Structure formats: structure tokens, C-alpha cells
Amino acid sequence: MSNPPNRQNRPNRPNRPNRPSREPQRNRQHRRTPLDPARRAAFDVLRAVSERDSYANLALPALLRERGIEGRDAAFATELTYGACRTRGLLDAVVEAAAGRPPERIDPVLLDLLRLGTYQLLRTRVEPHAAVSTTVEQAGIEFDSARAGFVNGVLRTISRSTEQQWMEKLAPPAATDPVGHAAFLHAHPRWIAQAFTDALGARAGELDALLTSDDERPVVHLAARPTAMTAEELAAQIDGTVGRYSPYAVYLPGGDPGQLAAVREGAAQVQDEGSQLVARALTLAELDGPDNGRWLDLCAGPGGKTALLAAIGAASGA
């Protein structure tokens, strides 16, 4: 058996062109598209709520102003943010069923992304492919392709059923747990539905209607500060509607309340009509002892009720 020829004895061959290396293609990172400004704003507020217990109604308007998000983008960001916060229990239940694991076992950042994507799939007119792809892309930016794939799989599973179908599949049986059933259908924690049931008493049959009303997209309420203007004056200035229950309430028809002159000048504030009634009820309560003109709010959060109490007191000469 003859030895193979060495290199020097091999016949001359024409030079072959260099083959392009596949290594750069393997290592080339997929350029992912980040969330658009509206979705990014909603995601950042959801993170602030989850991480720092922030108030969504305070964080979102400030963020929209800071980033210059206006018009339809601001409206979309508002719908995603408040909607995802309002239906968080429902969203988590659907995510858990689709992912096959409880929310506590999902990375908090991924979980907020999944909530954002799930809300779009179940409660908006966003095309399913857009809701899925935008969320998956951001998951890839925040983490890696593996977890982007996880998000993709979960959202695609969710997209195969409507909100009603998911509810029928996951809601507690109405026959054995009517309160839990109603709570789930209307995206309420069970304890709140139970509290409503207890308060309704003999009218407990109205629970479904009450939860339906409570689950509706809320209208923005303003409070006219008594020392500055009346509700009628504020309504005329902003083309709004005077509230039904609070003498200070005005319903805002639309737009960013932070851009209103009355709000910017301190003559009005964003405040739910129910919160206004709480403050008013305190001013009408009988006092046990002398009134020394001082109030101490031990439950103050952002301070909205305290501010209204101060304005009511100042208007009355207290």
C-alpha cells in the first residue's frame, strides 16, 4: 500500500474562493424592537406599582408629561395601565393557567410583561400578533431568547381563547361559590365581592350588576377647591359635567387633566368622587368636644382628601 502523497507532491489546483464564515451569523444578536412609547409607559408604571407600591394614577400622568406622550398614544397608555391594574387578578389567573405555574414562580418583570400582553389580547382591539410580538420583543431585550420564547408560548396559548372562554374555564362554579364566581367574572378580589354581598344584605341579588358597574372603565373626576371655584365654574371652563353626588365634583370628558389650567394653578385636583364624599362626610360629622380648627389625617396617602378638607375648612372660615 503506497503512502499518500505529501503536500508538495499534490497536483496544483486552482485557488478556491474563501468561504464566508458562519460564525459571525451564529453570534450575530437578533436586533429586537423595543416597546413603542405608549406600551413602554404602561410597562414602566406596572413595574413601579409592583416594585414600589406606586400609585398608578400619580405615576402615569407624571411619566406621560415627562416623555411628552400626548393624544392617542397617551390614551392608549392610560387604557393599558389602568386596565391591567384593574383586572390584575383575572390576568394572573389566565397567565397561571397558560404558563402552568403560579405567578409567584414567574420573574416579576416577565410577569408584568405578560400582564401587559394578556390585557391587550383579552380586553382591547389590538391585533393578537401585535400584542404578542411587541411583548416578546421586549422580553428578549430585558432577558434573553429563552425567556422571550416562554413569553411567546404563554401569550399564544392565551390568544387561542377569548376572555369569555377563559372565564368559563377558570371561574369557580356558580352553584357552589356564587360570590367567587361573580368576583372572577368581573375581575374583583373575592374579599371585595364578599364585602359588597354583606353590605347588600337582602339585596344580594344585585351583586352582579354592582360588580359590572364597578368593572367599567372609570371616568376621570375632578374636585373644584371651594376657595378657588365652584363645580359649575370648573365644568364650564373645561366643558365637563357637574358630578351627581359631591358638590365639588366635575366629570372630565377626556384629555390629560394635568394640562388643565385649573389643575395646574391649584384651583382643582384630580380626585374620585367617592373620595370627595369621604372628605365631605368628615366635615358634616358631629364633634365630641370643642372644635379647635385642627385636623389630623392619620390615613393620608398622596394627600388628596387632606387637601380637600383644608380647602373646605378655609372656605368656611375655619
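Predicted model: local features only at pLDDT ≥ 70, side-chain atom pairs only at ≥ 80, totals over all residues.

Reader: Okay. So where does Ala187 sit?

Author: Ala187 is in the loop between helix 10 (178-185) and helix 11 (190-200). Its phi is positive, about 55 degrees, although Ala187 is not a glycine.

Reader: Is Ala187 buried or exposed?

Author: Ala187 counts as buried, because its relative accessibility is 11% and the cut-off for buried is under 20%.

Reader: What's the phi of Asp53 like?

Author: Asp53 has a positive phi as well, near 55 degrees, and it isn't a glycine either. You'll find Asp53 in the loop between helix 2 (37-52) and helix 3 (56-67).

Reader: And is Asp53 buried or exposed?

Author: Asp53 is exposed, with 64% relative accessible area.

Reader: Let's zoom out. How many helices and strands does the protein have?

Author: There are 16 helices and 4 strands. The protein has 318 residues, and 37% of them count as buried.

Reader: Now packing. At what angle do helix 7 and helix 8 cross?

Author: Roughly 160 degrees, and the axes of helix 7 (residues 128-142) and helix 8 (residues 145-159) come within 8 Å. That crossing angle makes helix 7 roughly antiparallel to helix 8. The crossing is right-handed.

Reader: Which residues meet there?

Author: From helix 7 you have Ala131, Val132, Thr135, Val136, Ala139 and Gly140, and they meet Arg147, Ala148, Val151, Asn152, Leu155 and Arg156 of helix 8. By type, the contact of helix 7 with helix 8 splits into 7 nonpolar, 3 polar and 2 charged residues.

Reader: How about helix 2 and helix 6, what angle do their axes make?

Author: Roughly 130 degrees, with the axes of helix 2 and helix 6 (residues 108-123) coming within 10 Å. With that angle, helix 2 is oblique to helix 6. Helix 2 passes helix 6 in a right-handed crossing.

Reader: Who makes the contact between helix 2 and helix 6?

Author: On the helix 2 side, Arg39, Ala42, Phe43, Leu46, Arg47 and Ser50; on the helix 6 side, Pro108, Val109, Asp112, Leu113, Arg115, Leu116 and Gln120. The residues of this contact of helix 2 with helix 6 come out as 7 nonpolar, 2 polar and 4 charged.

Reader: Switching to helix 13. Which of its residues are buried?

Author: In helix 13 (residues 231-238), Ala231, Leu234, Ala235 and Ile238 are buried. Looking down the axis of helix 13, these buried residues fall within an arc of 100 degrees, so they line one face of the helix.

Reader: What covers the buried residues of helix 13?

Author: The cover includes strand 1 (221-224), strand 2 (241-242), strand 3 (249-251), helix 14 (261-264) and strand 4 (268-270).

Reader: And what follows helix 13?

Author: Asp239 follows helix 13, and its phi is positive, near 60 degrees.

Reader: You mentioned helix 14. What does Val263 contact?

Author: Val263 is in helix 14. Leaving out neighbours within four places in sequence, Val263 is in contact with Leu222, Pro257 and Ala268. Val263 and Leu222 are 41 residues apart along the chain, with 8.7 Å between their C-alpha atoms.

Reader: Okay, Glu163. Buried or exposed?

Author: Glu163 counts as buried, at 19% relative accessibility. The cut-off for buried is under 20%. Glu163 lies in helix 9 (residues 163-170).

Reader: Last one. How far is Thr212 from His186 in space?

Author: They are 6.1 Å apart, C-alpha to C-alpha, and 26 residues apart in sequence. Thr212 is in helix 12 (residues 207-214). Thr212 is partly exposed, with a relative accessible area of 36%.

Conventions: Residues numbered from 1 in each chain as written. Heavy atoms only, no water. Axes fitted to C-alpha atoms, helices over the stretch in contact; angles between N-to-C directions. Helix = DSSP H or I, 4+ residues; strand = E, 2+ residues; numbered from the N terminus. Parallel < 35°, antiparallel > 145°, perpendicular 65-115°, else oblique. Left-handed = near helix turned anticlockwise from the far one by under 90°. Contact = heavy atoms within 4.5 Å. Nonpolar A, V, L, I, M, F, W, Y, C, P; charged D, E, K, R; others polar. Buried < 20%, exposed > 50% of the residue type's maximum accessible area, 1.4 Å probe, protein only. Arc of directions from axis to C-beta.
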